[in-house]
Amino acid sequence: MIQVILVFNSHVKPRLVRFYQHFPEEIQQQIIRETFHLVLKREENICNFLEGGSLIGGSDYKLIYQHYATLYFAFCVDSSKSELGILDFIRHVQQVFVETLDKCFENVCELDLIFHMDTVHYVLQEVVMGGMALETNMNEIVAQIEAQNRLEKSKGGLSAVPAWAMSAMKNINLPEMPRNINIGDLNIKVPNLSQFV
């Protein structure tokens with residue numbers, strides 16, 4: 001099972017981070033730094049497999065990475081997975097991921113990973129969810145993203161949600177709220193909420 005997916009550039013800037021196992025925030029940051037250190041100090045002609053590092057679980061986990069253009073794709077998987085199988089999966093995910101983003105953004109670049117993070121995470125979620133590979137057919141992934149975009153446009157997108165909520169609040173017939181609530185020695189004054197509706 002996939003535990004962590006990290007995509008970072010050669011200047012040690014994370015571009016995509018996804019943990020499929022719960023770690024506290026400070027441990028996540030240490031794992032990212034340790035992964036950078038392990039991967040970037042290796043030469044290009046050395047194999048792409050190494051132990052997961054002390055924070056991820058040592059020899060119980062493998063860190064498998066692939067260099068693609070200016071980015072490194074690093075996957076941490078448990079030791080039951082085949083290194084060559086995961087490396088092949090990473091290469092396939094890279095191809096599907098990059099080609100899918102290219103269809104979404106037209107000539108995808110590293111900046112698209114920064115400024116369109118929601119779409120990038122959505123594409124990754126279509127490929128891998130819960131540490132398991134779901135879909136590697138690029139046409140299916142693109143169809144799901146287009147369906148999501150159509151749904152957002154037909155509903156007015158996220159910007160229309162506050163307007164829906166406000167109109168729903170105005171149409172609710174609520175009984176008059178009490179202005180003061182007395183519970184024993186405790187006296188609570190309820191503010192007038194009609195100004196917000």
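H4 passes H5 in a right-handed crossing, where a crossing is called right-handed if the near helix is turned clockwise from the far one by less than a right angle, and left-handed if anticlockwise. The structure is a predicted model, in which local features need pLDDT of at least 70 and side-chain atom pairs count only at pLDDT 80 or more, whereas totals for chains, interfaces and linings use all residues. Residues are numbered from 1 along each chain as its sequence is written, and side-chain values use heavy atoms, with hydrogens and water left out.

The chain has 6 helices and 9 strands, these being DSSP runs numbered from the N terminus (H or I of at least four residues for helices, E of at least two for strands). Of the 197 residues in the chain, 37% are buried, a term that stands for under 20% relative accessible area, with exposed meaning over 50% and partly exposed in between (1.4 Å probe, protein chains only). Among contacts between residues at least 6 apart in sequence, 45% join residues at least 24 apart, a contact being heavy atoms within 4.5 Å.

The axes of H4 and H5 come within 10 Å and cross at roughly 135°, which makes H4 oblique to H5. Axes are lines fitted to C-alpha atoms, for helices over the stretch in contact, and angles run from 0 to 180 degrees between N-to-C directions; angles under 35 degrees count as roughly parallel, over 145 as roughly antiparallel, 65 to 115 as roughly perpendicular and the rest as oblique. On the H4 side Tyr 122, Val 123, Glu 126 and Val 127 take part, and they meet Ile 141, Gln 144, Ile 145 and Gln 148 of H5. By class, this contact of H4 with H5 has 5 nonpolar, 2 polar and 1 charged residues, where Ala, Val, Leu, Ile, Met, Phe, Trp, Tyr, Cys and Pro count as nonpolar, Asp, Glu, Lys and Arg as charged, and the others, Gly among them, as polar.

Helix H2 (residues 83-105) packs against both of these helices. With helix H4 (residues 117-127), the angle is about 140° and the axes are 10 Å apart, so that H2 is oblique to H4. The crossing of H2 and H4 is right-handed, and it brings Val 93, Val 96, Phe 97, Thr 100, Leu 101, Cys 104 and Phe 105 of H2 against Thr 119, Val 120, Val 123, Leu 124 and Val 127 of H4. The residues of the contact of H2 with H4 comprise 10 nonpolar, 2 polar and no charged.

With helix H5 (residues 138-154), H2 packs at an angle of about 40°, the axes again lying 10 Å apart, and H2 is therefore oblique to H5. This crossing of H2 and H5 is also right-handed. Val 96, Glu 99, Thr 100, Lys 103 and Cys 104 of H2 make the contact with Met 138, Asn 139, Ile 141, Val 142 and Ile 145 of H5, and these residues divide into 6 nonpolar, 2 polar and 2 charged.

Aromatic rings were examined next. Rings of Phe, Tyr and Trp (its six-membered ring) pair if their centres lie within 6.5 Å, and planes under 30 degrees apart count as stacked, over 60 as edge-to-face and the rest as tilted; by this rule the count comes to 4 aromatic pairs. The rings of Phe 19 and Phe 23 have centres 5.8 Å apart and planes at 70°, so this pair is edge-to-face. Phe 19 is buried at 16% relative accessibility, as is Phe 23 at 10%. Tyr 68 and Phe 73 likewise form an edge-to-face pair, with 6.4 Å from centre to centre and 80° between the planes; here Tyr 68 is partly exposed at 35% relative accessibility, whereas Phe 73 is buried at 3%.

Strand E6 (residues 128-129) contains Val 128 and Met 129. Val 128 is buried, with a relative accessible area of 0%, whereas Met 129 is partly exposed at 42% relative accessibility. When residues up to four places away in sequence are not counted, Val 128 touches Ile 2, Ile 5, Tyr 20, Phe 89 and Leu 134, and Met 129 touches Tyr 20 and Leu 134. The C-alpha atoms of Val 128 and Arg 18 are separated by 10.0 Å, although the two residues are 110 residues apart along the chain; for Met 129 and Ile 2, 127 residues apart along the chain, the C-alpha separation is 9.3 Å.
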